[in-house]
Amino acid sequence: MSFVEYGDTIKDGDTAIVFLGHESMFPVKVQHGTVTQTKYGVIRHSTDLIGKKYGSKVTCSKGGWVFILHPTPELWTMNLPHRTQILYSTDISIITMMLELKPGSIVCESGTGSGSLSHALIRTVAPTGHLYTVEFHQQRAEKAREEFREHGVEHLVTVTNQDVCKNGFGVSNIADAVFLDIPSPWEAIGHAKSALKAEGGRICSFSPCIEQVQRTCLAMEEYGFTEINTLEILLRVYNVRTISLQIPDLGKAAEDNSSTGFDSSNPSNQGPLQVLEGPARSPWNLLFSGLNNPNSVSLSS
Amino acid sequence: MEAGPRPGPRICEGDCAVLKRDDVFKAVPVLRRRKIIFEKQWFYLDNAIGHTYGTTFEVTSGGNLQPKQEVEETTTETKEAGTDNRNIVDDGKSQKLTHDDIKALKDKGIKGQEIVQQLIENSTTFRDKTEFAQDKYIKKKKKKYEAVITIVKPSTRILSTMYYAREPGKINHLRYDTLAQMLTLGNIRAGNKMIVMETCAGLVLGAVMERMGGYGSIIQMYPGGGPVRAATSCFGFPKPFFDNLHEFPLSKVDSLLSGTFSTETLPSEPEENTLVEEESNGLTDEKQISLQETEEETTTETAMEINQTEEQDTMDMNTEDGEFKENKEKESKDNVREKQRKQWERRKKLIETAALLTKKNADGLIVASKFHPTPLLLSLLEFVAPSRPFVVYCQYKEPLLECYTKLRERGGVINLKLSETWLRNYQVLPDRSHPKLTMSGGGGYLLSGITVVLDKGKSDSSHLEALKMEEPSSKRCKVQDLHC
């Protein structure tokens with residue numbers, strides 16, 4: 001198993017996802033001799049997991065069962081331990097597309113945070129690209145390194161523990177794309193620019209507040225970024241349930257002619273009826289910018 | 001201050017490039033002496049060849065492109081401006097230049113910038129406008145008179161935006177943010193073995209190919225005679241990317257699943273007609289992308305396109321001229337041999353692809369078509385390995401509801417989710433930030449899930465599974481649920 005390649009069977013050392021039911025799952029580190037407690041009973045790694053096919057149903061000691069899933073960045077995002085607020089797959093999707101990321105891309109990211117976006121970026125740029133991620137919190141940086149190691153992707157990522165606003169990304173002129181999710185992104189735009197390739201690249205900054213967005217847009221313009229767009233994406237999930245609505249008794253017409261089309265004696269005139277789940281996620285704000293056109297930064301030459 | 005040539009990929013003849021002006025995109029082939037119409041301007045791309053992608057050009061009077069010189073913004077002397085519009089009357093008489101005056105300026109070859117300057121000077125109300133209104137006015141005039149075109153390299157981002165704006169019908173109104181979700185939910189990445197079923201002119205296929213970077217393999221399922229890959233060719237993928245792209249006809253899926261697959265009856269018409277159909281499918285689409293604006297150009301385009309397909313011409317030759325009879329006999333013998341060889345090749349490929357499918361170990365399934373999703377999913381999911389994601393796009397919600405229900409009955413899938421994304425863009429300017437457009441409902445819907453090992457012939461357990469996977473209901477209702 002690895003986060004950048006599918007495997008068929010569960011192996012010792014894998015990170016697997018235990019799926020218990022609707023929206024209920026958690027990650028587990030597969031290890032010989034270990035047991036995992038679930039509400040359906042105990043899972044013994046040596047007998048129940050190792051050697052089994054991913055996607056298998058595993059019966060737990062109390063009789064209930066679960067499914068064991070191969071990890072993906074999306075499943076990881078839903079189950080990872082939060083050290084910070086994370087980005088969810090909806091935003092990650094549009095970021096990936098707008099930054100034009102693909103295998104071979106070189107990306108710079110700050111802050112690493114809990115590694116939600118990082119895993120998704122690594123997956124997209126593999127096997128020939130690289131992620132340079134900067135985190136100013138020492139423990140978080142170390143935890144990120146540890147997780148990347150455990151997930152078999154350490155060769156695709158470099159974690160640097162420093163302040164991107166002061167010291168940049170630690171690389172220059174090599175990135176196709178830069179992503180910022182920090183409190184004061186306008187302070188890092190200059191560093192972002194020097195990390196990007198000379199031919200130009202794309203930058204994206206993520207901020208929850210419009211004031212941050214405004215300041216960052218201005219900074220982007222100052223540094224010669226063009227085609228600056230600000231986007232917000234909201235996910236709406238629909239709840240699908242099959243229910244039957246009772247047919248009201250409108251009585252019967254005189255004798256033979258029952259004029260209503262409905263057979264009111266049949267209680268099940270059902271059809272799928274969907275219900276909208278609760279409120280949409282709270283909106284976040286994204287900024288995108290296009291090619292960094294060196295010619296438009298005329299001031300230096 | 002001439003900067004040296006910018007680094008980066010260069011525009012080459014034969015490329016598919018995308019013309020961009022503000023938010024309008026158009027994909028065109030880069031060919032010499034080929035007249036292009038874009039945003040009410042006629043020009044040739046010849047001068048663009050050799051420049052870097054991302055360069056901005058101006059159209060000269062001769063219809064040639066010229067890189068736009070970077071002009072320094074005139075230093076803002078404190079402009080005269082008003083505070084509000086209470087005294088500004090919109091009587092249509094504030095611009096002193098007439099339509100003819102402006103035309104005269106344009107004909108003289110005066111640059112757009114100059115024209116805008118003239119318009120400002122000849123506007124009686126300009127100095128009464130607020131600074132913001134002046135900015136807005138200048139922007140509007142610039143947009144109209146300073147016709148600049150940027151040539152950009154195609155990518156999923158650009159092509160999906162272009163198609164959604166220009167020809168949404170061709171892609172079943174798949175909005176680009178919905179496409180972005182599909183690529184992520186489906187865990188599209190290098191090394192996967194993907195099954196793709198789409199009727200979006202090949203845009204979805206191209207997006208998948210871009211995210212796979214040439215690694216792994218793709219089996220494209222297609223309806224009718226052959227897959228449409230018009231949009232796919234716009235991406236400009238290197239040839240090796242197509243080495244592991246296979247295709248398989250939907251009409252053979254049932255036989256494959258029931259074990260009665262044979263290559264005796266190939267889908268639809270014989271060989272060369274299918275090729276022509278594929279060719280013309282691609283051409284027609286390309287035609288529609290690049291020639292939406294005039295009919296006049298359509299005819300010249302078609303003529304030139306058809307000239308390129310000489311092979312087809314010789315095959316379809318219908319002449320009964322006696323003089324050519326002898327040569328034609330020899331040619332037709334060669335043609336027959338060639339036809340047979342091609343047919344044999346096709347059969348061979350079909351068998352190979354069928355073998356790939358029957359392994360039932362695909363790493364994912366992407367469906368985005370005009371067809372009802374339920375039958376597609378129910379059959380194509382059979383080819384997907386357990387613990388792999390699948391994503392189905394549908395322009396409408398209702399078919400996905402049925403799909404959801406049928407999948408629950410079938411079992412073997414978990415984490416089913418029916419979703420839609422709303423997109424909102426913003427204008428961000430100092431003291432003038434506000435949302436612009438909210439796009440909702442018109443971008444289509446997605447049904448996604450993960451496969452698991454299917455318990456065949458255990459309808460009870462699959463029903464129980466379905467109940468388990470549903471929203472947790474109160475204990476009291478649990479027994480009643482079984483009878484719902």
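Visitor: On what conventions does the reading rest?
Guide: This is a predicted model, in which local features need pLDDT of at least 70 and side-chain atom pairs count only at pLDDT 80 or more, while totals for chains, interfaces and linings use all residues. Residues are numbered from 1 along each chain as its sequence is written, chains are lettered from A and ligands numbered from 1 in the order in which they are written, and side-chain values use heavy atoms, with hydrogens and water left out.

Visitor: In what order do the 4 strands of the open sheet in chain A stand?
Guide: Strands of a sheet pair through backbone hydrogen bonds, in a parallel or an antiparallel sense. Helices (H or I, at least four residues) and strands (E, at least two) are DSSP runs numbered from the N terminus, and two strands pair if DSSP finds at least two bridges between them. In chain A the order is 2-1-6-5, with antiparallel pairing. Strand 2 (24-29) and strand 5 (57-59) of chain A are the edge strands, each pairing on one side only. From one strand to the next, the twist averages 35 degrees; axes are lines fitted to C-alpha atoms, for helices over the stretch in contact, and angles run from 0 to 180 degrees between N-to-C directions. Strand 5 of chain A is joined to strand 6 (residues 65-69) of chain A by 3 bridges, and T59(A) stands opposite W65(A).

Visitor: How many residues lie between strand 3 and strand 4 of chain A in their hairpin?
Guide: There are 2 residues between them. Strand 3 (residues 35-38) and strand 4 (residues 41-44) of chain A pair in the antiparallel sense over 4 bridges, and Q37(A) has V42(A) as its bridge partner. Strand 3 of chain A has a covered face, T36(A) and T38(A), and an uncovered face, V35(A) and Q37(A).

Visitor: Which strands stand at the edges of the 5-stranded open sheet in chain B?
Guide: That antiparallel sheet has the order 2-1-7-5-6. Strand 2 (24-29) and strand 6 (65-67) of chain B each have a single partner strand, so one side of each is left without a neighbour in the sheet. Strand 1 (residues 16-21) and strand 2 of chain B pair over 6 bridges, among them the one between R21(B) and V24(B). Helix 4 (residues 156-166) of chain B lies across strand 1, strand 2 and strand 7 (148-152) of chain B, at about 110 degrees to strand 2.

Visitor: What volume does the largest cavity have?
Guide: On a 1 Å grid over the protein atoms alone, a cavity is a set of points where a 1.4 Å probe fits but cannot get out, and lining residues have an atom within 4 Å of a point. Grid points are joined across faces, edges and corners, and a volume is the space filled by probe spheres set on the points. The count comes to 4 cavities of 30 Å³ or more, and the largest has a volume of about 80 Å³. Its lining includes M209(B), M212(B), S217(B) and F241(B). Helix 6 (203-212) and strand 9 (217-222) of chain B are the elements that give two or more residues to this lining.

Visitor: Is S448(B) buried or exposed?
Guide: Buried means under 20% relative accessible area, exposed over 50%, and partly exposed in between (1.4 Å probe, protein chains only). S448(B), in strand 15 (residues 445-451) of chain B, counts as buried because its relative accessibility is 6%. Helix 6 of chain B is mostly covered, with 10 of its 10 residues buried.

Terms used
On a 1 Å grid over the protein atoms alone, a cavity is a set of points where a 1.4 Å probe fits but cannot get out, and a pocket is an open set with protein on both sides within 12 Å along at least five of seven lines; lining residues have an atom within 4 Å of a point. Contact means heavy atoms within 4.5 Å.
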